[in-house]
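Biologist: I would like to go through the cavities, the pockets and the charged pairs of this model with you. Could you please bring it up?

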Amino acid sequence: MSNEDEKTCNPDRPEGPKAPTNALIEVHGLCKSYLSGTERIEILKDVDLTIPRAVSLALLGQSGSGKSTFLNLLGGLDRPDSGDIFCAGENLNQHSEARLTVYRQKFVGFIFQHHYMLKDLTALENVMLPARIAGKSRGKSEKRATELLHAVGLGDRKKHLPHMLSGGERQRIAVVRALMNEPQFVLADEPTGSLDKENALIVAMLLFSLCRDFGTTMILVTHDPSLSAMADLQYSLENMRLLFKQDRCREPSTTKSETESSESPTREP
Ligand SMILES: Nc1ncnc2c1ncn2[C@@H]1O[C@H](COP(=O)(O)OP(=O)(O)O)[C@@H](O)[C@H]1O
Ligand SMILES: [Mg+2]
């Protein structure tokens, strides 16, 4: 990583065009299509979205509606056909591949349906991996990874290899691994999709509570209404458009999940 890359991805010293507001993420006129044979299939069309800092946003939508495509664009894993994505004032469109790599390391935590733990590394080493890739010091990384494992009730599983852990435990590791580098936001793409109901709830509650404690914005794709109900904001992808569904803080009468703390601060989109 060059010093230039380091500097341009520092949220305290943003460079280049600024987003019009100080929202964490701003999406303007986002379009994305894929080529299927000779046919171009539109997935996202003129999508606009503003995501404040420290909120949780649930993204709903039928299978194939473009949820993962949208998350991949926000996370700098793919590029749009047109439109802009600003994160903390940086325009992703203007990033080279190298700068996108730094952006992903510093800004984004990813959680997928599959845990993607490396099978020959212990739980602790897997959690530390993003810090290792980002070139962070081992001592500090080990301390943070250990604290995070304790926070999700896995302090005594540090030395376990992935095959020695249950599905729910592996997904809890994926949660803390995503938070290892103190990202600005977490993209969670159906993170509980492979779990039974009980473990899905445990993992989701840990995810919501850690993001709230760290002030980390979270975008969660889920089909589970009991999980999406925990989020501050709900949107749905339908017919290539992003539709606003609900803002719990502006509609206080909305039923909260029984499992959630009532301390969630008021936030506006
Ligand atoms: N790399 C790709 N090439 C071609 N088509 C793709 C690609 N990625 C996704 N698609 C298509 O785009 C649509 C949206 O996919 P996806 O974003 O994965 O949907 P969701 O996550 O909502 O289920 C699907 O029809 C899928 O087949
Ligand atoms: Mg998907």
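Biologist: What volume does the second largest cavity have?

Modeller: The second largest cavity has a volume of about 60 Å³. Please bear in mind that this is a predicted model.

Biologist: Which residues line the second largest cavity?

Modeller: Its lining is made up of Leu 73, Gly 76, Asp 78, Arg 79, Pro 80, Ile 85, Leu 92, Asn 93 and Leu 100. Sorted by class, the lining of this cavity has five nonpolar, two polar and two charged residues.

Biologist: How many cavities of 30 Å³ or more does the count come to?

Modeller: The count comes to three cavities of 30 Å³ or more. The largest cavity holds about 80 Å³ of space.

Biologist: Which residues lie nearest the centre of the largest cavity?

Modeller: Val 55, Ser 56, Phe 208, Cys 211 and Arg 212 lie nearest the centre, out of 10 residues that line the largest cavity.

Biologist: And where does the largest share of that lining come from?

Modeller: Helix H7, residues 197-214, gives the largest share, with three residues. By class, the lining of the largest cavity divides into five nonpolar, two polar and three charged residues.

Biologist: Turning to pockets, how much space lies in the largest pocket?

Modeller: About 490 Å³ of space lies in the largest pocket. It is lined by 18 residues, and the closest to its centre are Val 108, Phe 110, Pro 130, Ile 133 and Arg 177.

Biologist: Which helices and strand each supply at least two residues of that lining?

Modeller: They are helix H3 (97-107), strand S6 (108-111), helix H4 (123-133) and helix H6 (167-179). In terms of class, the lining of the largest pocket has 12 nonpolar, four polar and two charged residues.

Biologist: Let us go back to Asp 78. Which side chain does Asp 78 meet in a salt bridge?

Modeller: Asp 78 forms a salt bridge with Lys 32, at 3.4 Å from N to O. This pair links distant parts of the chain, 46 residues apart: Asp 78 is in the loop between helix H2 (67-74) and strand S4 (82-87), whereas Lys 32 is in strand S1 (residues 25-36).

Biologist: Is Lys 32 buried or exposed?

Modeller: Lys 32 counts as buried, because its relative accessibility is 8%, under the 20% limit.

Biologist: How many salt bridges does the count come to?

Modeller: The count comes to nine salt bridges. One of them joins Arg 157 and Asp 156, with the closest N and O atoms 2.9 Å apart.

Biologist: Which residues are linked with Asp 156 and Arg 157 in a network of salt bridges?

Modeller: Glu 169 is linked with Asp 156 and Arg 157 in that network. Asp 156 counts as exposed, at 54% relative accessibility, while Arg 157 is partly exposed, with a relative accessible area of 24%.

How values were computed
Residues numbered from 1 in each chain as written. Chains lettered and ligands numbered in written order. Predicted model: local features only at pLDDT ≥ 70, side-chain atom pairs only at ≥ 80, totals over all residues. Heavy atoms only, no water. 1 Å grid on protein atoms, 1.4 Å probe; cavity = no way out; pocket = protein on both sides within 12 Å on 5 of 7 lines; lining within 4 Å. Points joined across faces, edges and corners; volume = space filled by probe spheres on them. Helix = DSSP H or I, 4+ residues; strand = E, 2+ residues; numbered from the N terminus. Nonpolar A, V, L, I, M, F, W, Y, C, P; charged D, E, K, R; others polar. Salt bridge = Lys/Arg side-chain N within 4 Å of Asp/Glu carboxyl O. Buried < 20%, exposed > 50% of the residue type's maximum accessible area, 1.4 Å probe, protein only.
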